[in-house]
Amino acid sequence: MKNKKILAFDIGGTKIASGIVEFKKDGYQIFDYQKNATPKDKKEVVQRLMELIVYYKKGNSFNRTGIGIAGQIDHENGIIKHTPNINIPDNTNLKKIIKETIGENVEIENDVKCFALSENVFGRVKKYHNVVYLAIGTGIGGAIEIDDKLYRGENNIAGEFGHMVIDSNGKKCACGNKGCWEQYVAGRAIEKLYFELYKQKKKAKEIAIDSARGVKKDKKVIKQASSYFATGLVNIINTINPEVIVIGGSVIKQDEILKLAKKEVLKKVLIPGKKTIILKSKLGNEATLVGAGLL
Ligand SMILES: [Zn+2]
């Protein structure tokens, strides 16, 4: 890879991560890394993003800007079609707004597709050709790679596994439907479940850590989440039959939830599907940011 510097953003439901990613021959380094809360009001997200670009322009030189966003993105035209977990109006032409307001050229893409790109270049799946990527954060994002190519679908929604329905009369989802997978497995879902059971607020990360340490209350929550996790994985394997599923995101940092889910997958999946390898991403939290730099 050529030496180049890219300003990169990872815009999620709770935070906007940003930094200058410098790509070198054999890897990358991130400079001036920042994490800011994602604004809750409509239009403020775009405003904050532009403020950050202006800030980075002052102190740095970079070749271009790449942005990964949790939602349905029209990569070709730079349009944010729909973002259930981020308050950005539907059909916002981000590329045009940023070009016209501050003169910067940006490339935008779905955050998990960015994660897929960095996994492909720097991660564990280089040798595989049919891969499903999952990112479990506030919600669940996904991407599908078939014969080494990202499959986007006819309208860019391929891989939205978080909105795969696993209980048609289940919990309400931000997308308007009921019983979507991300309402049972992702960070927000784990926190809600904990609250429903114990009437106490606790961060998903802490619940996962305490469960791994053997705290019973937390274990109950993680066990339940892992079972739903397995249901979704079985659906993915039985329908797409990938060689490998690679999973990233803060929720699975602790191995326990994935280990429990894997056991259950082996019991429930169609027999040939037992061969599907389920891996945890080694790239960590910066994977989407790095992938946005590769756009
Ligand atoms: Zn949904």
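Let me start with the open sheet, which has five strands in the order β11-β10-β9-β12-β13. Its pairing is mixed. What are the edge strands? They are β11, residues 149-151, and β13, residues 277-280, and each of them pairs on one side only. On average, neighbouring strands in this sheet are turned by 25 degrees against each other, if direction is ignored. Keep in mind throughout that this is a predicted model.

A reminder for those new to sheets: strands pair through backbone hydrogen bonds, and the pairing is either parallel or antiparallel. Now one pair from this sheet. Strand β9 covers residues 131-136 and strand β12 covers residues 244-248, and the two pair in the parallel sense over five bridges. To find one of the bridge partners on your screen, go to Ala135 and look across to Gly248 in β12.

Next, a helix. Helix α7 runs over residues 216-240, which makes 25 residues. How far apart are its end C-alpha atoms? They are 36 Å apart, and at 1.5 Å a residue the helix should span 36 Å, so the two values agree. Just after α7 comes Asn241, which takes a positive phi of about 50 degrees.

Now the whole chain. It is divided into two domains: domain 1 takes in 4-114 + 286-293, and domain 2 takes in 124-282. Their C-alpha centres lie 25 Å apart. Where they meet, 15 residues of domain 1 are in contact with 16 residues of domain 2. On the domain 1 side, β5 (72-74) and α3 (111-122) each supply at least two of the residues that touch domain 2. Sorted by class, that side of domain 1 has five nonpolar, six polar and four charged residues.

Last, a single residue, Asp90. You will find Asp90 in the loop between β6 (79-82) and β7 (92-93). Is Asp90 buried or exposed? There are 11 other C-beta atoms within 10 Å, and a residue with 12 or fewer counts as exposed, so Asp90 is exposed. Which residues does Asp90 contact, leaving aside its neighbours within four places in sequence? Those are Lys81 and His82. As for Ile80, it sits ten residues from Asp90 along the chain, and the C-alpha atoms of the two are separated by 6.5 Å.

Conventions. Residues are numbered from 1 along each chain as its sequence is written. This is a predicted model: local features need pLDDT of at least 70, side-chain atom pairs count only at pLDDT 80 or more; totals for chains, interfaces and linings use all residues. Two strands pair if DSSP finds at least two bridges between them. Helices (H or I, at least four residues) and strands (E, at least two) are DSSP runs, numbered from the N terminus. Axes are lines fitted to C-alpha atoms, for helices over the stretch in contact, and angles run from 0 to 180 degrees between N-to-C directions. The expected span of a helix is 1.5 Å times one less than its number of residues. Domain bounds come from an automatic or database domain assignment. Two residues are in contact if their C-beta atoms, placed from the backbone, lie within 7 Å. Ala, Val, Leu, Ile, Met, Phe, Trp, Tyr, Cys and Pro count as nonpolar, Asp, Glu, Lys and Arg as charged, and the others, Gly among them, as polar. A residue is buried if 20 or more other C-beta atoms lie within 10 Å of its own, exposed if 12 or fewer, and partly exposed in between; C-beta atoms are placed from the backbone.
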